Amino acid sequence: MDIRLDAISHAYGETEVLRDISLEIPTGRIVCLVGPSGCGKSTLLRLIGGLERATQGRVLQLGTPPADCLNPLTYIFQDFALLPWRSVRGNVSLVLEDHGIRGARADAIIDDVLARTKLSDFSSALPRQLSGGMKQRVAIARALSVNPAVMLMDEPLSALDSQTRELLMDDLVALWTRQPFTAVYVTHNLAEAVRLGHRIVVLSRRPGEIRELVEIDKPLGERGYGDSDLEAIQKHLWDLMREEARAADEELLDV
Amino acid sequence: MSDNTQKSQPIEVRFRGGGFAPKSPRWVGFSVFVVLIAAIEIGTQSGFISSLTLPKPSDVLAAFGELWEAGLLFKHLAPSLSRLAIGGAIGASVGIAVGVMIGLFSYVRAGLVPLVAAIFPIPKIALLPLFVIWFGIDEASKYALIAFGTFTPTVVATYGAVDNVDRSLIRMGQSFGLSWFSIVRKIVLPGAMPGILSGLRISLAIAIILLVAAEMLGAEYGIGAYILQAGSLYDLERLFAGVVILSLLGVILSTIIGLVEKRLLAWRS
Ligand SMILES: Nc1ncnc2c1ncn2[C@@H]1O[C@H](COP(=O)(O)OP(=O)(O)OP(=O)(O)O)[C@@H](O)[C@H]1O
Ligand SMILES: [Mg+2]
């Protein structure tokens with residue numbers, strides 16, 4: 001299932017946040033959204049997932065999601081959004097219960113996703129007992145359990161330290177290599193973008209418009225920490241962002 | 001940085017963290033009671049405190065023993081407890097239900113919040129005659145008074161607690177396609193539970209106060225009636241015996257809530 005953004009514009013009252021965004025999100029690819037702070041990345045992600053309505057333009061699904069897909073558009077949040085009163089297992093089963101999946105069927109799915117995210121030993125732990133990286137793996141396991149057609153990730157690694165981030169990036173690459181998923185990945189970390197993105201969308205400062213689309217052909221599995229060609233792309237992205245970021249910073253001071 | 005810091009003696013950094021994390025060792029609260037009662041006993045025995053000011057704690061205990069032996073303790077306690085249980089249960093459950101509705105629906109909120117704010121400051125005891133006219137002199141008017149008194153603080157605590165539920169968790173529920181009902185049951189209610197329980201603590205203390213007030217105005221048996229009888233005879237020993245029963249009731253209720261919190265809110269560490 002592909003997603004097409006058709007001339008999306010969005011405003012909160014007087015504040016124009018997004019302007020005329022048109023974008024294709026092809027099946028099995030990871031699209032990264034980068035841009036200066038406050039340019040509307042999170043807003044765009046909420047629009048794609050149907051948590052908010054765009055003031056103009058439409059978000060279209062092309063094709064139907066696979067039959068075993070319980071929740072086609074599934075988020076992974078920056079703050080994990082785990083229920084603190086449910087165990088790791090309970091947090092995953094939460095999203096299955098409403099689809100009438102219980103008992104042995106639920107157990108099979110939960111065991112599978114916990115194994116894929118290397119959490120099998122922690123299934124009865126409460127969120128407060130877990131480290132940040134583990135919490136985000138629980139959130140990833142929860143997202144995987146509903147077989148999403150598209151994963152919508154809003155700075156999923158930003159709350160983590162840089163070592164944990166590297167490890168989780170490897171995990172994400174491994175998950176994708178095993179079974180390619182479609183994702184929109186919002187980040188302000190350009191290293192993450194060049195590591196995980198097949199296509200990188202650079203947004204301008206608010207109101208966010210598409211400044212440039214960068215395609216990276218190198219397969220995810222072959223990308224590593226500090227590859228020189230990736231570094232070159234990252235530098236190019238940084239040059240694009242720097243002036244926007246500086247201008248955005250000065251604009252905020254005017255308010 | 002400059003040379004005189006190098007020359008001077010190293011000084012250990014002064015500790016200034018700590019505090020602001022009260023714990024409650026079990027024996028402290030208990031020994032406060034023991035010391036206080038012992039002091040009063042010694043004071044009254046020695047004549048330092050006149051017997052008109054305070055009764056001897058040992059006499060209060062004796063009055064308590066009499067009450068027990070005459071079989072009157074349960075005769076007074078049973079109706080009080082049932083009034084408290086029925087009135088409190090009605091008030092708290094309706095209060096939680098209305099509070100959750102105010103927390104969830106705009107029209108209910110717009111309509112009821114001003115009403116609750118208007119009812120909250122009314123001393124409910126003042127309405128007892130009204131309840132007697134409406135519900136009769138019997139048990140029903142006492143239930144109504146206690147229920148009404150626990151209702152308002154429970155409503156206010158509950159909708160505050162629902163308002164404070166982490167919105168990002170609700171967004172998460174929606175993003176996974178959970179039904180409205182599931183979101184309320186599995187996210188909103190557990191998230192509001194800490195606030196609801198601490199509201200309940202206050203509501204139940206108010207319920208005890210109103211119980212006594214209701215019983216003082218017309219009841220043959222009940223702790224309030226017992227205190228009123230003792231008070232009208234200036235029988236301080238029996239009056240204090242009654243007051244001690246009320247205090248114990250309050251302590252027991254708050255302990256029960258503490259246990260419920262421990263069970264339901266174990267996730268909070
Ligand atoms: N619910 C809202 N109501 C009003 N204004 C909002 C709302 N949500 C976001 N905004 C504004 O819209 C703009 C874009 O916000 P958004 O969160 O999408 O930016 P972002 O690109 O995700 O920023 P960051 O990099 O800081 O996460 C900001 O100026 C923000 O103040
Ligand atoms: Mg954001």
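This is a predicted model: local features need pLDDT of at least 70, side-chain atom pairs count only at pLDDT 80 or more; totals for chains, interfaces and linings use all residues.
A salt bridge here is a side-chain nitrogen of Lys or Arg within 4 Å of a carboxyl oxygen of Asp or Glu. With that rule I get 26 salt bridges over all chains.

**Salt bridges in chain A**

I looked up Arg4(A) and found it paired with Glu24(A), the closest N and O atoms being 2.7 Å apart. Arg4(A) sits in strand β1 (residues 2-12) and Glu24(A) in strand β2 (residues 15-25), so the bridge ties together parts that are 20 residues apart in sequence. Both ends are partly exposed: Arg4(A) has 34% relative accessibility, and Glu24(A) has 30%.

I then checked Lys218(A), which bridges to Asp227(A) with the closest N and O atoms 2.7 Å apart. Buried or partly exposed, for Asp227(A)? It is buried, because its relative accessible area of 17% falls under the 20% cut-off. Lys218(A), at 23%, counts as partly exposed.

Asp239(A) and Lys235(A) make another salt bridge, 3.3 Å from N to O. They are 4 residues apart in helix α7 (residues 228-254) of chain A, which puts about one helical turn between them. Lys235(A) is exposed at 52%, while Asp239(A) is partly exposed at 30%.

How many salt bridges cross the interface? The rule finds 2. One of the pairs I looked at is Asp98(A) with Lys186(B), with 3.5 Å between the closest N and O atoms.

Ser203(B) lies in helix α9 and is buried, at 0% relative accessibility. Its side chain makes a polar contact of 3.0 Å with that of Thr154(B). Beyond its neighbours within four places in sequence, I find Ser203(B) in contact with Thr150(B), Pro153(B) and Thr154(B).

Last, I traced a nonpolar surface patch of about 480 Å², made by Val244(B), Leu248(B), Ile252(B), Ile256(B), Val260(B) and Leu264(B). Leu264(B) belongs to helix α11 (residues 236-264) and is partly exposed, with a relative accessible area of 45%.

Methods:
Residues are numbered from 1 along each chain as its sequence is written. Chains are lettered from A and ligands numbered from 1 in the order in which they are written. Side-chain values use heavy atoms; hydrogens and water are left out. Patches are made of residues with over 30% relative accessible area and no salt bridge: like charges are joined within 9 Å, nonpolar side chains (Val, Leu, Ile, Met, Phe, Trp, Tyr) within 5 Å. Accessible areas come from the Shrake-Rupley method with a 1.4 Å probe; for residues, only the protein chains shown count as cover. Helices (H or I, at least four residues) and strands (E, at least two) are DSSP runs, numbered from the N terminus. Buried means under 20% relative accessible area, exposed over 50%, partly exposed in between (1.4 Å probe, protein chains only). A polar contact is a pair of N or O atoms within 3.5 Å; within protein, one must be able to donate a hydrogen and the other to accept it, and residues adjacent in sequence count only if both atoms are side-chain atoms. Contact means heavy atoms within 4.5 Å.
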